[in-house]
Amino acid sequence: MIESLIKSDNAELTQSTKKGSPVVLSTRVRLARNLVGTPFPERASSSQRSDVMTKCAERIADLTQMKHGAFFDIAELSDLEKQVLVERHLISRELCEGGSGSGVFINKDQTCSVMINEEDHLRIQFLKTGFNLRSVWKQIDLFDSNLEDGLDVAFSQEFGYLTACPTNLGTALRASVMMHLPGLVISEHMDKVIRAVNQLGITVRGLFGEGSDATGHVFQISNQQTLGESEEEIMSRLGSVFKTIIDHEINARFKYLEENRARLLDQIGRAFGILQNAHVLNSNEAMNMLSLMRLAVDFEMLPENNRSDVDRLFIECQPGHIQYAAGEGIEPEARDLSRADTLRGEFARLPALDFDKVNNLG
Amino acid sequence: MAENLKCSHCNNPATVHLTQIVNNKIIKVDLCESCAQAKGVTDPEGFSLADLLSKTNLTPENGEPQITCPDCGLTTADFRRTGRLGCAACYQSFVPLIRPVLEDMHAGTMHKGKVPHVALSRQNSAAELQGLENALQRSIAEEAYEDAAKYRDQIHVIKQAAEVEKAEAVQS
């Protein structure tokens, strides 16, 4: 069912023609919305859930931003198809567990997805590559306003948008960026950063795995609090914290390069060799190697237009995508072979690492 | 800055300050030395702030109010079990349980952001219309025809305004 989506040549996260930016892979904002007069999904009967689905689907299909989009009924997707959509950040694990009446709208370039009957009746998400809080907010704000013109949204003057979980009240807005932080991880400053931003009501999670040494050094950083601050306040606070983290990351990279040049170049060189030659690669190892390749692009050792290739491979090397590409029912060991094949093919096409560039850098 | 925090259990000066992240949210608790001991906080294996909180701040000493939402039937016990509300109307019934936890959970307790003006004004005028329709039926039943005429005119005005709004929306 999801084939057209995977084969699309116009998907924001995997087919971006933009060069991407150092540190920030992507920005996303999500809003939770519920309809008045119907219990939240968890307490709704299956007929109430399908009523919500019908009402929302009619309205969403009408919106110009959803033109040429696709709709998927969760009950009709295979487990593997769901996993692929999760890996692309288009749906949540919670939606996968959703029973009848759960579904998702995804727009043409996969920058917008609207989940129906997840924890809340509606979970709207917009995402973009790079660091783009303002423009993503503008888009989702417009989409939400258009949606609200035709749907009776549950709202109270005191608590704002009413959500199933009180942790989402108020703006019901979660803004997050996906950050690549190898400098902070390698120099062992990540714990400190996580503790510091936690104090500011900001959450840090490893994207692939948990804790401060997340696989691939990719972290999702987002606001925890949604009530008591306006959308603009939340985003400007987040924005300045994000900028600080980016600065710290860049500093950590150069400091590490200065103090451990041979060691760092060795790690990058070996990773490149493994990606070009390995025949068995599990997903953790692949993510860690790809992380070093992204760093190599940022250090100008690889051409800048390869950054979006690395970002695409971060997604395409995850277990669901590897299985999907190989056809159903492929065993974990076979997946590791298939992943290595893919990466060898991709990295065979790249020019050799330009170590001189780094020697001129710092 | 120097804020004398009190133990959330016994009001003695708090010397133990805990921060933990549970379900993606920060939970903070201040305890005095003896309460910290008693709660097993010093045992890093066997304690969770979420449990601690649910037994302190969330539960008033004199037993918490047993609430049932008239719309969806959610009870206090349901809310405690899942941490989630059942429907929009729950937020009216469960206010006594929700307000106290919001302060720990969020930056403030009053919404400051976007307001869905269009949806709200539509909901309000729908409610107003329904009220007028009811009044109209009542006055017809009571043979109060002067009142009935008045209500009928008011209904007419609201419906016309809605038509105009609709037409404008289509054009834009």
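Two residues are in contact here if their C-beta atoms, placed from the backbone, lie within 7 Å. This is a predicted model: local features need pLDDT of at least 70, side-chain atom pairs count only at pLDDT 80 or more, and totals for chains, interfaces and linings use all residues. Residues are numbered from 1 along each chain as its sequence is written, while chains are lettered from A and ligands numbered from 1 in the order in which they are written.

**Stop one: the cores.** Select Ile116(A). Among the residues it touches, leaving out those up to four places away in sequence, are Val52(A), Met53(A), Cys56(A) and Leu122(A). Ile116(A) is also among the residues with the most contacts inside the largest nonpolar core, which has 88 residues. Such a core is a set of buried Ala, Val, Leu, Ile, Met, Phe, Trp, Tyr and Cys residues joined through C-beta atoms within 7 Å. Buried means 20 or more other C-beta atoms within 10 Å of a residue's own; exposed means 12 or fewer, and partly exposed lies in between.

**Stop two: α13(A).** Select residues 332–348 of chain A, helix α13. Helices are DSSP runs (H or I, at least four residues), numbered from the N terminus. Buried here are Arg335(A), Asp336(A), Arg339(A), Ala340(A), Leu343(A), Glu346(A) and Phe347(A). They lie on the same side of α13(A), because they cover an arc of only 135° around the axis, taken from the directions from the helix axis to the C-beta atoms. On the other side, Gly345(A) and Ala348(A) are exposed. Now show α9 (261–277), α10 (283–298), α11 (307–316) and α12 (319–326) of chain A: the buried residues of α13(A) pack against them.

How values were computed. Helices (H or I, at least four residues) and strands (E, at least two) are DSSP runs, numbered from the N terminus. The expected span of a helix is 1.5 Å times one less than its number of residues.
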